[in-house]
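Dear colleague,

Please find below the sequence and the structure that I am handing over to you. My findings are set out after them, and I would ask you to keep the structure open while you read.

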Amino acid sequence: LESQGTTVLHKTVSFAPHPLPARQFDRNTTEPISFYLSSLEELLAWKPTSDDDFNVATMPLANREPPLHSKRPRTLVCHDMKNGYLEDRFIQGSASRDPYVFYHWQYIDIFVYFSHHPVTVPPVAWTNAAHRNGVSVLGTFITEWTSGAALCESFLAGEAAAYHAVAVQLGRIAHFYRFDGWLGNIENTLSEAAVRNLPLFLRDLREQLRRDVPGGLVLWYDSVLQSGELHWQNELNEKNRVFFDACDGLFTNYNWKEEHLERMGAQAGERLADIYVGIDVFARGEVVGGGFETNKALRLIRKHNFSAAIFAPGWVYEHLGKENFLRNENRFWGLLAELLPTHRISTLPFSTCFCLGMGKGRFSAGLEEEVRPWYNLSAQEIQPLFMDQQATGGAGSWLHTRCSLQDAWNGGSCLLIEGIIPPDAGHVAVRLFSFQMPAPPKLFLSLLYKLEEKLPEVAVALELTTCSSSSFRVGAATRHQPQPLPTPPPPRPGSRPASGLSGAVGLVSPAALPVLPSLPSPRCYELELRDCALHDLSLILSRHQPGLQERRFSCRLGEIRVLDADNLCSSLPGVPSLEASQVLWHKGPGTNQLSLSLTLRWSYPPSQARCFRIHCQGMACPRGQVLPLPEQLLGVAHNTLSPVVSLAVPEVPPKESCHVEFFVEPVLNEGAAVERSRWGRLVLVYSDP
């Protein structure tokens with residue numbers, strides 16, 4: 001087995017206690033968790049270990065257009081919900097039935113994870129979800145009240161070495177966990193010595209981040225003044241400008257009026273976009289807007305060309321309740337959409353199955369393999385342009401788009417498009433994604449969809465617009481409606497078509513030519529392009545002939561892919577040898593059932609796979625007989641390590657051994673299944689002491 005690339009590990013069953021560190025693992029379940037640091041002592045003592053690996057973001061920050069550092073108004077979202085680290089702290093996900101999710105990433109540039117713990121390290125699932133969409137993620141360094149004043153005195157009031165050590169540690173933490181910087185928030189009074197060193201500390205932190213984190217940011221919250229007094233200004237002025245000059249931007253307090261914005265224009269000079277004017281969605285105090293009137297505040301901010309910082313948009317979830325959360329979330333962001341520039345995708349390959357990072361069940365290739373609620377933001381995929389958009393197609397057209405948790409191809413949700421084609425219109429169009437990148441010579445596209453009822457007079461197709469490589473003006477766009485390929489392209493070397501039954505729960509492609517009679521495959525297209533750039537991708541629903549009556553339709557999209565066709569021929573990597581660590585044996589009270597916990601580790605290119613399925617099977621050997629145990633799916637991992645928690649395994653007879661095998665199956669972005677020979681495999685042989 002070892003000569004074939006399989007890892008073989010020999011262990012003796014031992015019940016010696018090996019407690020996992022409480023900071024990185026939940027005490028009740030032993031599941032890995034995200035964490036914060038509670039004191040300056042913890043911060044200065046922090047050193048990464050292998051126990052921290054679960055908290056390292058696996059998704060690199062994607063490129064997008066326009067880039068973050070372009071001189072234009074930006075949008076920041078500051079997430080503050082019940083002091084943080086709720087269900088989102090479970091790195092491998094949880095069984096939360098009605099979790100909070102944020103999925104309007106295409107409208108924002110920066111995401112801040114906020115809590116009232118001194119060093120708030122963003123939970124890794126948030127960083128993965130944001131980075132997939134090209135959004136930078138900041139943690140929070142906060143001090144408050146009397147204890148905060150004492151903390152500040154201990155590192156700011158003395159020599160430069162003290163605040164330098166703090167800056168170095170904050171830079172190292174952002175670098176190791178792969179997030180993008182810090183929001184500094186000093187909400188307590190400072191001594192003369194401490195406030196004198198504060199701008200120097202901010203500059204030092206910014207320099208550390210620039211060395212450790214490409215594109216790293218330090219933002220400052222409008223709180224303490226140059227005098228050391230705690231007094232929120234709701235603007236940039238001479239009392240707090242020294243901190244603005246020392247970092248990358250100012251996040252203002254929320255109680256501003258338009259006269260504050262007018263005064264700030266002169267103060268900011270060329271750095272208008274570096275002022276993030278705060279909007280409290282909970283509308284606490286004397287504020288403009290809030291709630292479903294947040295657009296009033298945003299409109300004033302945009303009028304003066306400032307960036308916006310939307311604080312606590314989870315108001316939709318906390319204040320209005322969980323029952324209609326997705327509908328209210330779409331309504332909230334729909335009211336802001338016209339004031340929020342849409343970002344464009346700027347790299348290929350691109351694929352999405354519209355998963356929100358949650359579901360009532362978990363689907364794979366159209367089959368529901370788990371019937372239970374789940375939540376893991378690392379599983380969230382890129383969402384289309386704003387929900388509830390108006391259709392293009394003439395008077396009387398109507399269109400409603402939303403995520404549906406009732407059906408999926410992969411993950412836990414699909415995109416549901418409902419609408420009306422009016423009698424005098426031939427079609428309706430919904431713009432799904434915007435691009436800004438040079439087109440490859442040959443483009444491959446695929447679409448997986450299902451019409452809710454048989455509508456032979458309604459056709460579904462993709463439309464791609466391109467423009468000159470030197471211009472991204474919509475008026476110069478060329479429209480392409482490619483014809484489907486008669487047969488899907490062959491799978492990449494090392495892969496096979498994904499399985500899924502056409503009559504099963506989930507999405508199928510009604511117009512596809514299946515690889516086998518019972519297996520669906522997506523509708524595939526190829527386009528040859530020359531000297532142009534990709535612009536927009538739309539879905540077209542059309543009637544073959546105009547009718548006397550309007551035609552209602554309901555269409556579910558399960559997956560869309562846009563790839564460079566040349567990359568379809570490249571071979572797939574296999575999963576290298578698995579490793580296992582933290583092997584623990586235990587028996588529950590009142591039972592003789594032997595169970596096993598461990599951590600599996602492997603490596604794989606992050607751009608190739610959307611997730612990994614973890615399988616196991618066992619082999620018991622009582623009195624010399626070999627009894628195989630059935631294979632089971634243990635779970636899904638969204639990084640290259642996975643915990644196995646309390647797995648029941650056969651009791652080992654005296655002087656004999658049993659073994660359990662673990663397999664890691666990559667789930668490719670393009671939907672094809674990886675041949676079993678390329679899965680990772682580890683055999684654990686265990687024996688009685």
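The paragraphs below go through what was found, topic by topic.

Please bear in mind that this is a predicted model.

**The annotated domain**

According to an unreviewed UniProt entry, residues 85–360 carry the feature "domain: Cytosolic endo-beta-N-acetylglucosaminidase TIM barrel". In the model, 38% of the chain over residues 85–360 is helix and 17% is strand.

**Two residues with positive phi**

Tyr85 has a phi near 55°, a positive value in a residue other than glycine. Tyr85 is located in the loop between strand 3 and strand 4 (110–113). Its relative accessible area is 7%, and Tyr85 is therefore classed as buried, the limit being under 20%.

Ala312 is not a glycine either, yet its phi is positive, at about 60°. The loop that holds Ala312 runs between strand 11 (307–311) and helix 9 (315–320). With a relative accessible area of 1%, Ala312 is buried.

**The largest pocket**

Rolling a probe the size of a water molecule over the atoms shows where empty space is left. The largest pocket holds about 740 Å³ of space. It is lined by 32 residues, and those closest to its centre are Ala62, Arg132, Thr347, Pro349 and Ile382. Two or more lining residues come from each of strand 12 (344–345), strand 13 (350–352), strand 20 (427–438) and strand 30 (609–620). By type, the lining of this pocket comprises 15 nonpolar, twelve polar and five charged residues.

Pro349, one of the residues closest to the centre of the pocket, belongs to the loop between strand 12 and strand 13. The peptide bond that leads from Leu348 to Pro349 is cis, with omega near 5°.

Ser346 also lies in the loop between strand 12 and strand 13. Is Ser346 buried or exposed? Ser346 has a relative accessible area of 15%, which is under 20%, so it counts as buried. What does the side chain of Ser346 reach? It reaches the backbone oxygen of Asn63 at 3.2 Å. Leaving out residues up to four places away in sequence, Ser346 touches Asn63, Arg64, Glu65, Gln436 and Met437.

Glu65, one of the residues that Ser346 touches, is joined to Pro66 by a cis peptide bond with an omega of about -5°. Pro66 sits in the loop between strand 2 (64–65) and strand 3 (75–79).

**The cavities**

How many cavities of 30 Å³ or more does the structure hold? There are six. The largest cavity contains about 190 Å³ of space. Its lining is made up of 20 residues, and Asn410, Gly411, Arg610, Cys611 and His638 lie nearest its centre. Strand 15 (362–364) and strand 30 each contribute at least two residues to this lining. The lining of the largest cavity divides into eight nonpolar, six polar and six charged residues.

**A buried serine**

Ser413 is placed in the loop between strand 18 (398–404) and strand 19. Its relative accessibility is 0%, so Ser413 counts as buried. A polar atom of the Ser413 side chain lies 2.9 Å from the backbone oxygen of Phe354. The Ser413 side chain also reaches the backbone nitrogen of Leu356, at 3.0 Å. Apart from neighbours within four places in sequence, the contacts of Ser413 include Cys353, Phe354, Cys355 and Leu356, as well as Ser404 and Asp407.

**Two further loop residues**

Pro422 is found in the loop between strand 19 (414–421) and strand 20. Pro422 is buried, at 4% relative accessibility. From Pro422 to Gly148 the C-alpha distance is 63 Å, and the two residues are 274 residues apart in sequence.

Glu453 occupies the loop between strand 21 (442–451) and strand 22 (458–468). Why is Glu453 classed as exposed? Its relative accessible area is 52%, and exposed means over 50%, so Glu453 falls in that class. The C-alpha atoms of Glu453 and Arg196 are separated by 70 Å, and the two residues are 257 residues apart along the chain.

Yours sincerely,

A colleague

Notes. Residues numbered from 1 in each chain as written. Predicted model: local features only at pLDDT ≥ 70, side-chain atom pairs only at ≥ 80, totals over all residues. Heavy atoms only, no water. UniProt positions renumbered as here; feature names shortened; annotations may be inferred. Helix = DSSP H or I, 4+ residues; strand = E, 2+ residues; numbered from the N terminus. 1 Å grid on protein atoms, 1.4 Å probe; cavity = no way out; pocket = protein on both sides within 12 Å on 5 of 7 lines; lining within 4 Å. Points joined across faces, edges and corners; volume = space filled by probe spheres on them. Nonpolar A, V, L, I, M, F, W, Y, C, P; charged D, E, K, R; others polar. Buried < 20%, exposed > 50% of the residue type's maximum accessible area, 1.4 Å probe, protein only. Polar contact = N/O pair within 3.5 Å; in protein donor to acceptor, adjacent residues only side chain to side chain. Contact = heavy atoms within 4.5 Å.
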